[in-house]
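Trainee: I have a new structure open and would like to learn how to read it. Could you walk me through a few features?

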Amino acid sequence: MRFQWLKDYQELEEQILYLKWNLNKSKLERNRWVYGDLSDVRLEKNSRSASLETIIEKLENEIDLLESQKNELLELIDSFSGVDNQIVRLKYIERKDIYDIAEITGYSISYIRKRHTEIRKTLSFVDAYEDRREERIKKQDELEYYSVKRDQLSLF
């Protein structure tokens, strides 16, 4: 499949975002149990809350592993030649618009637009990825919100 690397990259990106979102939720829950409104509640031995530290550690390790894989894939992608690969990388990984891509590559805007249209015909999976964009943005915004409000102990 042509441009399978883009699909792999997008899947890694979504997995990392989800894990970061899950990690954030787990840390917020842990903070509720340690410092917040649940600090006086007794934990059951085998409950999810009792194993939050382990869950957090596993999530952090998984994120590190996926980030490493993503960086390796980016190094591989950077080694690809050809204008089509360059257009796809700039458009879908670096999030450049057609005008910026034309400037970077030295091709005309009309040529880049035409090549991009042809490429899009072969990238049916990109449509599904773009459809999930709003959900990804919502998770990213939530992560940013809670990283700024560190004194926040719960989601409620």
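Predicted model: local features only at pLDDT ≥ 70, side-chain atom pairs only at ≥ 80, totals over all residues.

Trainee: How do I describe two packed helices?

Mentor: Two packed helices are described by the angle between their axes and the distance between the axes. Here, take α3 and helix α5 (residues 109-122): their axes come within 10 Å and cross at roughly 85 degrees. Angles of 65 to 115 degrees count as roughly perpendicular, so α3 is roughly perpendicular to α5.

Trainee: Which residues in α3 and α5 meet?

Mentor: From α3 you will find Val83, Asp84, Ile87, Val88, Lys91 and Tyr92, and across from them in α5 are Tyr111, Ile112, Arg115, His116, Ile119 and Arg120. Sorted by class, the contact of α3 with α5 has 7 nonpolar, 4 charged and 1 polar residues.

Trainee: And the core: which residues have the most contacts inside the largest nonpolar one?

Mentor: Those are Trp5, Leu6, Val88 and Leu123, in a core of 28 residues. Elements giving two or more residues to this core include α1 (4-34), α2 (52-78) and α3. The most comes from α1, with 7 residues.

Trainee: What does Trp5 touch, leaving aside residues up to four places away in sequence?

Mentor: Its partners are Leu73, Ile77, Phe80, Asn85, Val88, Arg89 and Ile93.

Trainee: Where is Asn85 placed?

Mentor: Asn85 is in helix α3 (residues 83-93). Its side chain reaches the backbone oxygen of Ser81 at 2.9 Å. Not counting residues up to four places away in sequence, Asn85 touches Phe3, Trp5 and Phe80.

Key: Residues numbered from 1 in each chain as written. Heavy atoms only, no water. Helix = DSSP H or I, 4+ residues; strand = E, 2+ residues; numbered from the N terminus. Polar contact = N/O pair within 3.5 Å; in protein donor to acceptor, adjacent residues only side chain to side chain. Contact = heavy atoms within 4.5 Å. Axes fitted to C-alpha atoms, helices over the stretch in contact; angles between N-to-C directions. Parallel < 35°, antiparallel > 145°, perpendicular 65-115°, else oblique. Nonpolar A, V, L, I, M, F, W, Y, C, P; charged D, E, K, R; others polar. Core = buried A, V, L, I, M, F, W, Y, C linked by side-chain atoms within 4.5 Å. Buried < 20%, exposed > 50% of the residue type's maximum accessible area, 1.4 Å probe, protein only.
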